[in-house]
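Let's take a look inside this one. Have the sequence and the 3D view open as you read.

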Amino acid sequence: MRTYQKRSSKFRVPRFELRGKRIFILPGLFFLLIWNWDLGTRNFLYAAEKSGASTATFLRLEQGARAIGMGGAFTSVADDASALWWNPSGLVRGNREFAISHSQLFEQMNTQFLSFAIPAAKKKTAIGGSLTYLMVPGLEGYDASGNKTGEIAANGYAGSFAYAMALDSNIRLGASLKVIGETLAGDAGTGFAGDVGLQFSGKGWGLGAVIQNLGPEFKVGEASNALPQNVRAGLHFRPNERLLVAAEAQMPSDGDLRSHFGAELRASSNMVLRAGYQPLAELDSSLAGLSLGLSILRLKGPVEESEYEENVEIEDEATGVRDLRAELKPGSGYALISFDYAFVFYGSFDPVHRIGLSIKF
C-alpha cells in the first residue's frame with residue numbers, strides 16, 4: 001500500500017527585505033511605467049481626441065472567464081495563461097498551461113481566445129503565446145444617404161508572444177508583441193502592437209500595472225487611426241487562504257476612467273466562486289456591469305484525487321494558499337483541468353456569457 005507524507009501546514013511566503021537603495025525599486029518601477037506612458041502617448045491621446053476614434057477596437061475586449069467573473073479586476077492577480085491579455089508579467093507565476101475560451105457577445109458577435117504558458121523550471125522566467133479572433137456575422141451596410149448596401153463582413157485577430165521574468169521572489173516584469181489584423185467591408189489592414197506590465201507581491205497582497213496596445217497608427221483601407229491604448233493598475237488582498245478581493249482602475253486612450261471590483265472564493269478544493277462589478281454609467285441599469293462566475297476543478301494523476309486530498313496538505317509556495325495546483329510540476333504526472341464560466345449583466349441588452357477550459361500540468 002502506498003503512503004504519502006503530510007506536509008507542514010505553515011505557509012511559506014517569500015520575504016522581501018528592503019535594504020539600502022532597494023527600497024526604491026517598487027515605486028521606481030511604477031513611476032517609470034506611468035511616466036513613460038504619459039510621455040510616449042501625449043501626442044497619441046491628442047490625435048485620438050481629434051479623430052474621435054480608435055481602430056482595432058476588438059483589442060480592448062477582455063478575455064478569460066476567470067478574470068471576467070471578477071469584474072475585470074485582474075491585472076494584479078493574473079497568474080495563468082490569460083495573463084497574455086491582462087498582464088504578461090504574471091506568466092512567471094503560473095504552471096505550464098493551455099487554455100481556450102469562447103465569449104458570446106452582442107448581436108451574435110463572438111470571440112475566441114487561445115493561450116499557452118511555459119514557465120522555466122524554477123519559475124524565474126516564462127514564455128507564452130495567444131491568439132484572439134473576433135467574428136462578426138454579416139451586418140447590414142448603409143451608404144451616406146441611408147440606403148442599404150447589403151451585408152458587410154468584419155473580423156479581427158491578434159497573435160501575441162510574451163516573455164516574463166522574476167527580478168526576485170516579489171517583483172515580476174513582462175512584455176508581449178502582437179501581430180494584429182482587421183477586415184471591414186472588404187478593406188483590410190495589419191500592424192503591430194505591444195504590452196508591458198509588472199507585478200509586485202507581498203504577504204497576502206499584491207499590486208499590478210500594465211500598458212496595453214502600444215504601437216503606431218493602424219490602417220484599414222485608406223483610413224488610419226490610433227490603436228486603443230489602455231493603462232490598467234490594480235491591487236488585491238487575501239484576508240484568508242480561501243478569499244481574494246481585488247480593485248482596479250482603467251484609463252483607455254479614447255474613453256473615460258473606469259473602475260473594476262472583484263472577489264474570488266475557494267468554496268472547496270474543486271470549486272471556485274467569483275463575483276465582480278464594473279460600473280457602466282452609459283447603460284440604463286445600476287446593475288449593468290455585474291458579473292458572476294465559477295470554476296470546476298479536477299485533478300488527474302497517479303493518485304486518485306480523493307486519496308490525494310486526504311493524505312497531502314496542498315500549499316502554493318508563492319502565496320501560502322493551499323490548492324490543487326501545488327503538485328503540478330514537470331514530470332509529476334498530475335494535470336489540473338478547469339472548466340470556467342462567467343456571466344455579465346448589461347441592463348436591457350442581452351447578457352454576455354463566457355466559457356473556458358484550461359489544462360495545467
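Predicted model: local features only at pLDDT ≥ 70, side-chain atom pairs only at ≥ 80, totals over all residues.

## The largest cavity

The largest cavity holds about 460 Å³ of space. A cavity here is a set of points on a 1 Å grid over the protein atoms alone where a 1.4 Å probe fits but cannot get out, and lining residues have an atom within 4 Å of a point. Points are joined across faces, edges and corners, and the volume is the space filled by probe spheres set on them. Of the 36 lining residues, R66, D80, R274, D340 and K360 sit closest to the centre.

The lining splits into 13 nonpolar, nine polar and 14 charged residues. Charged means Asp, Glu, Lys and Arg; Ala, Val, Leu, Ile, Met, Phe, Trp, Tyr, Cys and Pro are nonpolar, and the others, Gly among them, are polar.

Residues are numbered from 1 along each chain as its sequence is written, and side-chain values use heavy atoms, with hydrogens and water left out.

The mean pLDDT (the predictor's confidence in each residue, from 0 to 100) is 80 for the chain, with 75% of residues at 70 or more. Over residues 1–52, though, pLDDT is below 50.

W85, S130, T132, A158 and K178 are the closest to its centre among 13 lining residues.

Note on methods:
Contact = heavy atoms within 4.5 Å. 1 Å grid on protein atoms, 1.4 Å probe; cavity = no way out; pocket = protein on both sides within 12 Å on 5 of 7 lines; lining within 4 Å.
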